[in-house]
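Please open the model in a viewer and keep a selection panel at hand. The stops below proceed from a single strand to the sheet, and then to the helices.

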Amino acid sequence: MRIGIAADHGGFGLKEDLRSRLTAAGHDVVDFGANRLQPGDDYPDFVTTLARAVASGMVERGVAVCGSGVGASVCANKVRGVRAALINDHFSARQGVEDDHMNIICLGGRVMGTMVAWDLVETFLAAEFSPGRTPPETSEQSRCTRKEGRARGRSRGFGNSGVAAERPNLNTYHGGSHEYRNSSS
């Protein structure tokens with residue numbers, strides 16, 4: 001399988017380990033960087049290129065690694081045709097492909113060991129989209145995108161009734177005996 005891989009400084013070590021393992025397992029690996037450990041780099045520089053390669057079909061699947069995996073997931077999902085997820089367990093690595101047609105696995109280089117990451121990547125690559133499932137173009141994710149697009153067309157703070165929805169104050173956090181107030185509000 002032709003696999004794309006990318007990481008920033010937070011995932012560089014894990015990316016290098018996974019790239020070696022993927023090559024040894026017989027996969028054709030396309031490395032989208034970083035090509036050296038450089039503390040000032042950032043995941044969008046590498047993950048966006050990987051995501052575009054997956055969306056265009058240049059590579060069949062992708063592996064994106066940053067410090068936590070969260071940023072890589074958010075970034076990759078901004079590219080149309082990409083279905084990326086932060087994965088920390090085997091069930092999700094398999095089910096994400098079978099049911100949701102996930103095509104990029106995102107991992108955290110600072111929160112996961114190399115053996116766990118390798119097991120998850122193997123599970124992700126072995127999984128196949130289940131026949132009989134809704135094609136990705138009409139799947140739950142696409143319906144979410146359509147619903148989000150319709151919601152953005154409404155006036156801010158109003159639902160269908162035209163009455164302003166009560167919104168929580170996101171600038172104040174009340175937790176236990178602690179209170180945090182955003183000074184910019």
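Begin by selecting strand β1 (residues 2-7), which is mostly covered, with five of its six residues buried. Buried denotes under 20% relative accessible area, exposed over 50%, and partly exposed the range in between, with a 1.4 Å probe and protein chains only. Helices (H or I, at least four residues) and strands (E, at least two) are DSSP runs, numbered from the N terminus. The model is a predicted one: local features require pLDDT of at least 70, side-chain atom pairs count only at pLDDT 80 or more, and totals for chains, interfaces and linings use all residues. Residues are numbered from 1 along each chain as its sequence is written, and side-chain values use heavy atoms, with hydrogens and water left out.

Now extend the selection to the whole sheet. Five strands form an open sheet in the order β2-β1-β3-β5-β4, with parallel pairing; two strands pair if DSSP finds at least two bridges between them. β2 and β4 (84-86) stand at the edges, each with a single partner strand, so one side of each is left without a neighbour in the sheet. The twist from one strand to the next averages 20°.

Then display α5, which lies across β1, β3 (61-66) and β5 and runs at about 170° to β5. Contact means heavy atoms within 4.5 Å. Axes are lines fitted to C-alpha atoms, for helices over the stretch in contact, and angles run from 0 to 180 degrees between N-to-C directions.

For the side chains, show H90, A93, R94 and V97 in α4, which meet D119, L120, T123 and F124 in α5. By class, this contact has four nonpolar, two polar and two charged residues.

Finally, select the entire protein, whose secondary structure comes to six helices and seven strands. Of its 185 residues, 39% count as buried.

Definitions and conventions:
Nonpolar A, V, L, I, M, F, W, Y, C, P; charged D, E, K, R; others polar.
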